[in-house]
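Please look at the model shown below. The paragraphs that follow lead through its aromatic rings and the charged side chains that accompany some rings.

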Amino acid sequence: MSPHVEVSPSRIRSGARARARQAMRAEVAAIAGDLMLERGYERTTVEDICAAAEISRSTFFRYFPSKEDALFGLTLDAGEDLREALVARPDSETPWTAMRRALDPLIEKYEADDERVRLLTRLVVTTPALLARHQEKNARWHELLRAEVSRRLGADPDDRADPRVDALVGASLACVHAALTAWTTGERPGVKLSVILDRAMDAIA
């Protein structure tokens, strides 16, 4: 029989606040995406998003530092999830295979609501300001993944003179970008994003 564990009221309140904040971030991100799909990125302002979400500017900026960040929503933090997924892969896998399999949960999120997400992704890859923010996000993910990839390669993560780690991480994230770009081409692709990513990564492997 498991021992009874008391949870303090302050911890319960803290958890409730965190869930409420996460839900609000997701809601505002969804509204921002809908507006940008309808009006275009340039013609959608922070004021438009605030009006649609029924929040103030100050509230908006408590959740997101910029309009671009509102569009990316919760995916900005997905790098942490990707790192955890990579750490969880078996050591018997090659670093490249482990990276591909670690990307599965992220790709599944893209495919879960694929037409809307595909349209938003097209907006990102065709809008310079959003593409720049996407590249900044990838640079952060790159750094998050270096330590685990270094371990799998038997490399020193602090040795920037060893190109293997940055090459592997950079190539895998470039494959994701190439797959997303291909996925958004045309009115409606007949191939799943996961299959397109396999094609991209197999070309390098």
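**Aromatic rings and their neighbours**

F60, F61 and F64 are linked into a cluster by ring pairs. This is a predicted model, in which local features need pLDDT of at least 70, side-chain atom pairs count only at pLDDT 80 or more, and totals for chains, interfaces and linings use all residues. Residues are numbered from 1 along each chain as its sequence is written, and side-chain values use heavy atoms, with hydrogens and water left out.

The structure holds three aromatic pairs. Rings of Phe, Tyr and Trp (its six-membered ring) pair if their centres lie within 6.5 Å; planes under 30 degrees apart count as stacked, over 60 as edge-to-face and the rest as tilted. F60 and F61 form an edge-to-face pair, with 5.1 Å from centre to centre and 90° between the planes. The pair of F60 and F64 is tilted, because the planes stand at 45°, with the ring centres 6.0 Å apart.

The accessibility of these residues can be described next. Buried means under 20% relative accessible area, exposed over 50%, and partly exposed in between (1.4 Å probe, protein chains only). F60 counts as buried because its relative accessibility is 0%, and F64 is likewise buried at 0%. F61, with a relative accessible area of 36%, is partly exposed.

Charges also sit over rings, which requires NZ of Lys or CZ of Arg within 6 Å of the ring centre and within 35 degrees of the ring normal. K67 lies over the face of Y41, 4.0 Å from the ring centre. K137 lies over the face of W141, at 4.6 Å from the ring centre.
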